[in-house]
Amino acid sequence: MIETKKIIERAVLVGVADGNTSEEKAREYLNELAFLVTTSGAVAVKIFLQNLPHPDHRTYVGSGKLEEIRQYVEAEEIDIVVFDDELSPAQTRNVEAVLSSAGYDASDDAGAKKRKGAKVLDRTRLILDIFALHARSAHARTQVELAQYQYMLPRLTRMWSHLSRQRAGVGARGPGEKEIETDRRVVNDRISLLKERLREIDKQKITQRKNREKMVRVALVGYTNVGKSTLMNIISKSDILAENKLFATLDTTVRKVVIGNLPFLMSDTVGFIRKLPHHLVESFKSTLDEVRESDILLHVVDLSHPEFEEQIEIVEQTLSEIGVADKCRITVFNKIDAYRERQASTTKYAPDDGNSINNLEKLWVKKLHAPAFFISAKTKENLQTFRDFLYTQVRKVHVTRYPYDKLLYEDF
Ligand SMILES: Nc1nc2c(ncn2[C@@H]2O[C@H](COP(=O)(O)OP(=O)(O)OP(=O)(O)O)[C@@H](O)[C@H]2O)c(=O)[nH]1
Ligand SMILES: [Mg+2]
């Protein structure tokens with residue numbers, strides 16, 4: 001029997017701490033990039049961080065730094081170099097000219113001859129790659145493919161020839177895997193076709209949504225990996241994939257939930273991230289229709305994440321981008337169990353006795369001018385209080401829509 005050993009590609013990460021980003025913050029960003037790399041199936045082995053007033057317009061980092069990276073890539077036989085920003089077509093070309101002659105492409109099965117050249121990926125292409133990996137439904141696959149082609153279009157001549165030298169592995173999933181087409185016209189035709197297909201799917205979705213009549217709709221939104229699907233599973237007693245991965249969920253799932261005797265619809269959807277590629281936001285617009293058409297948004301936050309405040313801002317920005325900034329909002333600070341653990345390991349004091357959570361709650365209710373709950377979807381702490389509150393909010397919307405039902409709920 002022939003044994004095929006899966007080779008895990010090794011990556012180095014490259015970031016810039018510029019005028020707006022402290023070195024500490026840039027490291028935090030690179031940790032997130034490392035998590036993206038892990039999610040895509042590779043492993044990050046080293047970080048290169050340069051302090052610059054702004055990224056170099058020709059090569060992103062300075063030429064000295066790039067040479068240092070090249071030497072490392074060559075010495076350590078690195079497979080992928082990932083940049084923590086979307087590189088311009090020119091930057092990609094220049095960086096590739098230096099790096100693709102260094103290192104080895106290890107995506108061959110064991111025994112096959114190794115080829116020179118490290119892959120150059122930017123943040124956008126890595127995220128597109130993860131989306132391609134996780135897309136299950138025809139809807140999600142079409143949306144990702146459209147975003148990939150749109151990203152490729154301005155990079156076409158260089159990218160196709162570059163892709164043709166690569167085979168499977170991180171950064172090469174989706175259309176790049178298929179036959180290489182060199183004709184820009186063919187790609188444009190493909191983009192039109194995908195858009196047409198999406199329009200068809202959208203039509204079906206609109207009909208589906210109309211059939212749901214005027215049920216109250218609650219949508220879970222939030223940064224990726226905060227626990228949206230876990231919370232959805234608990235509240236709706238369903239079984240959606242929840243994993244310690246970025247972008248585990250791509251399709252919107254809608255479930256009917258009944259609390260007390262009140263039925264409503266709850267949806268779980270794709271998570272947001274810092275610098276979400278704009279092509280993806282564009283092509284995932286219809287996935288986000290469920291959010292746009294919902295009555296109440298549950299913004300789930302991972303309280304245990306060191307950057308949770310920035311994540312809140314990013315989600316708010318993305319919500320504005322899709323035009324739902326003013327929608328009724330409940331903020332759910334999740335993972336208080338992990339938050340306490342982190343507190344206990346980083347302070348000399350006794351483990352949290354609940355006081356700091358109470359204080360945080362007061363602080364955030366004041367800051368947000370809106371209801372906020374501190375829960376753990378894992379241990380179910382405070383879940384009942386949150387569920388009771390959700391019931392009252394859904395009921396408020398419900399009775400405005402079905403006034404004659406009011407009597408039914410009067411005594412509840
Ligand atoms: N410690 C702890 N972990 C949690 C809690 N809730 C969820 N998790 C874990 O966090 C990880 C992400 O959970 P998901 O529910 O997949 O998160 P998501 O927001 O749906 O993520 P995406 O779909 O990738 O955007 C999983 O490993 C969960 O088990 C919690 O309250 N405490
Ligand atoms: Mg999810």
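A salt bridge here means a side-chain nitrogen of Lys or Arg within 4 Å of a carboxyl oxygen of Asp or Glu. Keep in mind that you are looking at a predicted model. With that definition, a search of the whole structure turns up 25 salt bridges.

**Stop one: a salt bridge.** Select D84 and R123, whose side chains form one of these bridges, with 2.8 Å from N to O. D84 sits in the loop between β3 (80–83) and α3 (89–99), while R123 belongs to helix α4 (residues 123–134), so this pair ties together parts that are 39 residues apart in sequence.

**Stop two: the ligand.** Now move to ligand 1, which sits in the largest pocket. Show its surroundings and you will find 23 residues, the closest being K228, T230, A248, T249 and D337. By class, this shell holds seven nonpolar, ten polar and six charged residues.

**Stop three: the helices around it.** Colour α8 (228–236) and α12 (336–346), each of which supplies at least two residues of the shell around ligand 1. The largest share, three residues, comes from α8.

Which side chain has an N or O atom 2.8 Å from a nitrogen atom of ligand 1? Select D337 to see that pair. Next pick T224, where a side-chain N or O atom is 3.0 Å from an oxygen atom of the ligand. Finish with K378: here a backbone N or O atom lies 3.1 Å from an oxygen atom of ligand 1. Taken alone, ligand 1 exposes 660 Å², and the protein buries 88% of that.

Technical notes:
Residues are numbered from 1 along each chain as its sequence is written. Chains are lettered from A and ligands numbered from 1 in the order in which they are written. This is a predicted model: local features need pLDDT of at least 70, side-chain atom pairs count only at pLDDT 80 or more; totals for chains, interfaces and linings use all residues. Side-chain values use heavy atoms; hydrogens and water are left out. A residue is near a molecule or strand if one of its heavy atoms lies within 4 Å of it. A polar contact is a pair of N or O atoms within 3.5 Å; within protein, one must be able to donate a hydrogen and the other to accept it, and residues adjacent in sequence count only if both atoms are side-chain atoms. Accessible areas come from the Shrake-Rupley method with a 1.4 Å probe; for residues, only the protein chains shown count as cover. On a 1 Å grid over the protein atoms alone, a cavity is a set of points where a 1.4 Å probe fits but cannot get out, and a pocket is an open set with protein on both sides within 12 Å along at least five of seven lines; lining residues have an atom within 4 Å of a point. A molecule sits in a cavity or pocket if more than half of its atoms lie within 2 Å of its grid points. Helices (H or I, at least four residues) and strands (E, at least two) are DSSP runs, numbered from the N terminus. Ala, Val, Leu, Ile, Met, Phe, Trp, Tyr, Cys and Pro count as nonpolar, Asp, Glu, Lys and Arg as charged, and the others, Gly among them, as polar.
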